[in-house]
Amino acid sequence: MGIVAGLDSSSGFTRIVVCDAETGAVLRQGYAPHPVEPKATEVDPQAWLLSLGEAASGGLLEGVQAIGVSAQQHGLVPLDRQGALVRPALVGNDKRAQVAAADLVEAFGGRQAWAEAVGCVPQAAQPVAKLRWLARTEPEAAARVAVVMQPHDWLVWQLLGRPVRRTTDRGAASGTGYWSAGTGAYRPDLVELALGHQAALPEVLGPAEAAGTTPEGLLISAGTGETMAAALGLGLGTGDAVVSLGASGSVMAVHHEALADPRGMITAFADAAGMHLPVVHTSNAVRALRGTAEMLGLDGGLEELSALALKSTPGASGLVLLPYLEGERTPQLPHTAGTLSGLRRESMKPEHLARAAFEGMLCSLADAMDVLRGRGVEVRRVFLLGAAAELPAVQAAAPAIFGAQVVVPQPADYAAVGAARQAAWALGVSRGALSPHEPPAWQGAAAQVFEPGEELAVGRAVRQQYGATREQLHPGAFSG
């Protein structure tokens, strides 16, 4: 069927993979950093184009017939009526809109009203909160905003030569705070509530639709956000969940319907394949491990902490760490602190603290997974992502604590691969070779697989010990 490319414009770099459209085999790769400060909260989008051009240099895209675009989520690209930038784009790590998000929650009638309207409660990162912040702090700039886009939308628009038609996909749209994955429609009233006036929004394309064709004849697929592209690149299906181990954590799973959660713990994302990706976030994951390693004075960092933890036994001799070091989102305990419980003379050893850190992190994420399971989400297989997924202590404890098969994929550019798979899908549909209801069957990610086996009962005991401690210190945290 030819070759296709997937382009992932992350927060700090652009990665491009060129793949065989039929098998998904990666043929060529390109990379370039973005010419921006690493922690910049405002970016001139031209930096994304410069990075893209550098990553695609040397004939990387020669022979490519279609391109898919994945990009960082929660960015806001505000344009005027002529399509010119009103101000630099606001990107996902900009936390200045926290007050604006809380203001929106109150203005619309509370968390439940938002959850029912668009499947999520406004957070600082979301475009809807950024629009409110812009209207409150830069009213002159806000008044000029006529078109609102996200990074992936803007990049697709640029690749197509800035046509009159502007597009997005349901995956990226579901992260805005003004599009509902449940109804598949925008809520223009929420844009007006945030910005103070209406603004044009991109047309939401279906998973296999093409956004258009470049002047050179390249087909450009709908594109999507990084989370959705990575899910497509991993080949996730019903029964699959992804646990992301960053400083903070998240659990998402493929589901057949959008989930509105009146408590606001579930964010109802859509995926890039016509299904849904409900997500539950935790404020603390690997930061709990790093903090423990520092407290124990381990020069070897997480690897040494992992080796130390394996000298202990499941349950850490009764030691329990509730890893709510930065407050917590799941459960909603924003002003709490972490707690170390179960100190006895025999448990006051470095290896037990190390083990408690790993078990605390994994139990906290298992609590988040239970929020999804409690709403009928099936979890048979758990994909572990992030550098910490390679740690032996994580791999030893995770299957029993999650109560499921654990898959640790080989490190790869899954968002770029997912974008390429989407491009192959749109290309195949345009030629009548593929169904618009099923993406191409590419080979799954190479991975290590870990089964819970006979350790399931041990995992349940560890979770029971953790849950009893959480309930004693924060009674009803998950029942409110």
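Q: What should I know before starting?
A: Residues are numbered from 1 along each chain as its sequence is written, and side-chain values use heavy atoms, without hydrogens and water. The model is predicted: local features need pLDDT of at least 70, side-chain atom pairs count only at pLDDT 80 or more, and totals for chains, interfaces and linings use all residues.

Q: How many helices and strands are there in the protein chain?
A: Helices (H or I, at least four residues) and strands (E, at least two) are DSSP runs, numbered from the N terminus. The protein chain has 15 helices and 24 strands.

Q: What is the radius of gyration of the protein chain?
A: It is taken over C-alpha atoms; the globule rule is 2.2 Å times the number of residues to the power 0.38. For 480 residues, a compact globule would have a value near 23 Å, and the protein chain agrees with 23 Å. The C-alpha trace spans about 70 × 50 × 40 Å along its principal axes.

Q: How many of the residues count as buried?
A: Buried means under 20% relative accessible area (1.4 Å probe, protein chains only). Here 56% of the 480 residues count as buried.

Q: At what angle do helix α12 and helix α13 pack?
A: Axes are lines fitted to C-alpha atoms, for helices over the stretch in contact; angles run from 0 to 180 degrees between N-to-C directions. Helix α12 (residues 350-373) and helix α13 (residues 392-402) pack at about 35 degrees, with axes 10 Å apart.

Q: Which residues meet there?
A: Contact means heavy atoms within 4.5 Å. Among them, Phe358 and Leu362 are in α12, and Val394 and Ile401 are in α13.

Conventions
Buried < 20%, exposed > 50% of the residue type's maximum accessible area, 1.4 Å probe, protein only.
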